[in-house]
2 protein chains.
Amino acid sequence: MSSSSAARGRGEKARPGVRPPMRDALVAAAFQLFLERGYEQTTVDDIVALAGVGRRSFFRYFPSKEDVVFPDHERCLADMTTYLAASADEDEPVRRVCDAARLVLRMYAENPTFSVQRYRLTKKVPGLRAYELSVVWRYERALAEYLRVRFAGRPDGTLQADVIAAAVVAAHNNALRSWLRSDGQGDASATVDHALGYVQSAFGVGVPAGRPVGEQPEDVVVVVSRRGAPLWRVVREIETALDRD
Amino acid sequence: MSSSSAARGRGEKARPGVRPPMRDALVAAAFQLFLERGYEQTTVDDIVALAGVGRRSFFRYFPSKEDVVFPDHERCLADMTTYLAASADEDEPVRRVCDAARLVLRMYAENPTFSVQRYRLTKKVPGLRAYELSVVWRYERALAEYLRVRFAGRPDGTLQADVIAAAVVAAHNNALRSWLRSDGQGDASATVDHALGYVQSAFGVGVPAGRPVGEQPEDVVVVVSRRGAPLWRVVREIETALDRD
């Protein structure tokens, strides 16, 4: 019982306020056991015993043992869908999906210790890697579905939507993983901003935040490039030119 | 026994020559049963009974029932790794990963009927979707690892590698799925070429195949653009300019 209340205490401290305490207690108990014994060696019975609740309580919150490892993705997916649905026509679509991806980062950054522990656990357990891939895929589909609607008038709308959604997710995850590998040290937001900036430079409107798209529409940019220069370098030059003054 | 030899006959017809006949017979028997009874309702015992072989033979070729659904991905992954490892320094990296992705398309296009059947099956069975995601992830990692080496000198090398690999895979899969949805009608190669062309226009060197990169290196291209134009449109203009004459 003392270990149960210790687990609950950790859970409440780790993720303040908004979720049911029993749910938090189950997450905390689960992670305590995963770290002590390993994921495969921990059963749902072990988790509910430590949390001091019944099996039925566990399955009320989590369909399976895997779900307790990723307790916040469903909420985050719902938040992302809501955020994208609230988009206005004047929102630049690529920037909007980048901002939507930042919701995922925020979830991880809310609780660095938990996120780093989970990252290490996930790397070791193939079943959790597979689960994580399916979650990532759902985020990517949410972004792609939004872009498909926004790009409906373009000849290659679905292609562009799928490619940009994948690029945004890959950039986000590259930055997120580098932050997790640093044990949650450093500025996660700045790392992700930089990564998403690369995607925006390739696909989006290369105008920095704060300056409305389309301002001074008659301005021209002249880029002179060698024919053999890699396109990404040319693009970087254009972006620099567009951002200047 | 007659159904067994029918299955083997189908297998040999479907995938000529290079693989062991028993392996092909198992694939053919498995798909016959998956289509007749459904994937979940078919056991490994059912498959080996129809193919006329023992359980041990099945597991010699396939670690699990899921693996028999995707019998050629391991070979294709190995081919892709070999192809990327054989890359020369003068190969433009983005084009190289696009060409590597075409190996996957070729595998699907070798046998349209089988590929379309599997596509329909995979859409219906969540466990197969998860398996497919893990396979796609392995292709993406193979492309990203190659690009990480090629981009080792760039400040954002790993970021660019991960983003471009994801974009290539997304473009390939967008085209592949549209071909599969059309029941394998139409020109799969042309569809994938078009999709990969979009990725190359965003990230790669926009020089058409057959003209060496770096030819006439002193030639210049001048692009004039409105400041508010979307970057993808500017990129398309540059590409058009580079392709001209």
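This is a predicted model: local features need pLDDT of at least 70, side-chain atom pairs count only at pLDDT 80 or more; totals for chains, interfaces and linings use all residues.
**Helix pair, chain A**

I looked up helix α6(A), residues 73–85, against helix α9(A), residues 126–150. Their axes come within 10 Å and cross at roughly 5°. Angles under 35 degrees count as roughly parallel, so I logged α6(A) as roughly parallel to α9(A). I then listed the contact. From α6(A) come H73(A), E74(A), C76(A), L77(A), M80(A) and L84(A). They meet V135(A), R138(A), Y139(A), A142(A), L143(A) and Y146(A) of α9(A). By class, I noted 9 nonpolar, 1 polar and 2 charged residues in this contact.

**Salt bridges**

I searched the whole structure and found 30 salt bridges over all chains. I followed up several in chain B.

R102(B) and D99(B) pair at 2.5 Å, N to O. Both sit in helix α7 of chain B, 3 residues apart, about one turn of the helix. I have R102(B) as partly exposed at 21% relative accessible area. D99(B) is also partly exposed, at 26%.

E132(B) bridges to R129(B), with the closest N and O atoms 2.7 Å apart. This pair lies in helix α9 of chain B, again 3 residues apart. Buried means under 20% relative accessible area, so E132(B) at 18% is buried. R129(B), at 23%, is partly exposed.

R148(B) and D162(B) meet at 2.9 Å, N to O. R148(B) is in α9 and D162(B) in α10 of chain B, so the bridge ties together parts 14 residues apart in sequence. R148(B) is partly exposed at 26%, whereas D162(B) is buried at 2%.

**Network**

Last, I noted a network of salt bridges linking R141(A), E145(A), R148(A), D162(A) and R177(B).

Terms used:
Residues are numbered from 1 along each chain as its sequence is written. Chains are lettered from A and ligands numbered from 1 in the order in which they are written. Side-chain values use heavy atoms; hydrogens and water are left out. Axes are lines fitted to C-alpha atoms, for helices over the stretch in contact, and angles run from 0 to 180 degrees between N-to-C directions. Helices (H or I, at least four residues) and strands (E, at least two) are DSSP runs, numbered from the N terminus. Angles under 35 degrees count as roughly parallel, over 145 as roughly antiparallel, 65 to 115 as roughly perpendicular and the rest as oblique. Contact means heavy atoms within 4.5 Å. Ala, Val, Leu, Ile, Met, Phe, Trp, Tyr, Cys and Pro count as nonpolar, Asp, Glu, Lys and Arg as charged, and the others, Gly among them, as polar. A salt bridge is a side-chain nitrogen of Lys or Arg within 4 Å of a carboxyl oxygen of Asp or Glu. Buried means under 20% relative accessible area, exposed over 50%, partly exposed in between (1.4 Å probe, protein chains only).
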